[in-house]
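Thanks, everyone. I have one structure to walk you through today. Have a look at it first, and then we'll go through it piece by piece.

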Amino acid sequence: PPDIPLANVKAHLAQLQSIANANGGNRAHGRPGYLASANYVRGLLDAAGFTTTLQSFTYNGATGYNVIADWPGGNPDDVLMVGAHLDGVTAGPGINDNGSGSAAILETALEVSRQSLQPTKHLRFAWWGAEELGLRGSQFYVNNLPAAERARIKGYLNFDMVGSPNAGYFVYDGDNSDGVGAGPGPAGSAALEQTIIGYFTSIGVQTRGTDFDGRSDYGPFIAVGIPAGGTFTGAEGIKSAAQATLWGGTAGQAFDVCYHRACDTTANINDTALDRNADAIAHAVWTIGTAVPPV
Ligand code: PHE
Ligand code: ZN
Ligand code: ZN
Ligand code: ZN
Ligand code: CA
């Protein structure tokens, strides 16, 4: 699997920040900064050879958009999806939440193109609208999948907040192996979890499980039985002393003090966390997407 260039991921974050700056300071559903964000992502994917769709939906009297990008090839009956929400709250530019996940999966998709990857699975990337208003874009997508199309999707990987300034290294606990909180999820979620944990283990970073409770866009997928996984570096939760020992950073402080605030700017990013998570995404896409025989 490739090493995703951190500089490229950060360049996307700078672009999303500029889009917010030019559009009233945010990239929220129904605001011009959202559509500009969607057009930015879509333009790069089109130029890289993806087949893209701008799927529109209505929520709260405003039009929302999902950007869906298919990489030509792979087994159409064995689809791996990778997604992140592209919208933010109205309070700020939404760079960690969720420019980070959006930029990390974007650069992974662009790496697929640069390498002319020929995966065994069919790869589909998604940037969701209106997550912040209740997972509206991803729910719309799943609700409108014909049954046959839904059955082709064998896994979904979600990335929401992967550059938190006081980062933790959380992996969705798809099998609820820690016995805490929600889960287990659909069979197959545990394998996705283990693939992601395997990457962090290989770079010497310990992970912890985080509740598989549907608090991001994987929720609508697991609700219909599609296995899912993903990573998270923390939001409003407070880093414990044990977690600070494990990962560094500041105990007694939120993983992201700027969560849903105006200060969620390009300054609100931990480069090491963003770099490791982008590489974890690529590891998962390459490992799962190119497996022979397919897994
Ligand atoms: N979905 C939350 C948000 O966008 C963030 C979050 C992601 C919380 C994953 C918990 C787990 O605000
Ligand atoms: Zn949020
Ligand atoms: Zn989010
Ligand atoms: Zn687990
Ligand atoms: Ca658990």
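The shell around ligand 1 holds 5 charged residues, 3 nonpolar ones and 1 polar one. Here are the names. Asp97, Glu131, Glu132, Asp160 and Arg215 are there.

A word on confidence. This is a predicted model. The protein chain has a mean pLDDT of 98. In that chain, 100% of the residues reach 70 or more. The scores for the model are ipTM 0.95 and pTM 0.98.

Now to strand 5. It covers residues 153-159. How many of its residues are buried? The count is 7 of 7, so mostly covered is the description for this strand. On one side, look at strand 3, residues 75-85. Strands 3 and 5 run parallel, and 5 bridges join them. In that pairing, valine 79 stands opposite isoleucine 153. Next, strand 8, residues 228-232. Strand 8 is also parallel to strand 5, with 4 bridges between them. There, asparagine 158 stands opposite glycine 230.

Last stop, tryptophan 127. Where does it sit? In strand 4, which spans residues 121-128. Is tryptophan 127 buried or exposed? Buried, because 30 other C-beta atoms lie within 10 Å, and the cut-off for buried is 20 or more. What does tryptophan 127 touch, leaving out residues up to four places away in sequence? Ala38, Val41, Asn66, Val67, Ala84, Leu86 and Ser102. Take alanine 84. In sequence, 43 residues separate it from tryptophan 127.

How values were computed: Residues numbered from 1 in each chain as written. Chains lettered and ligands numbered in written order. Predicted model: local features only at pLDDT ≥ 70, side-chain atom pairs only at ≥ 80, totals over all residues. pLDDT = per-residue confidence, 0-100. Near = placed C-beta within 6 Å. Nonpolar A, V, L, I, M, F, W, Y, C, P; charged D, E, K, R; others polar. Helix = DSSP H or I, 4+ residues; strand = E, 2+ residues; numbered from the N terminus. Buried ≥ 20, exposed ≤ 12 C-beta atoms within 10 Å, placed from the backbone. Contact = placed C-beta atoms within 7 Å. Pairing = 2+ DSSP bridges.
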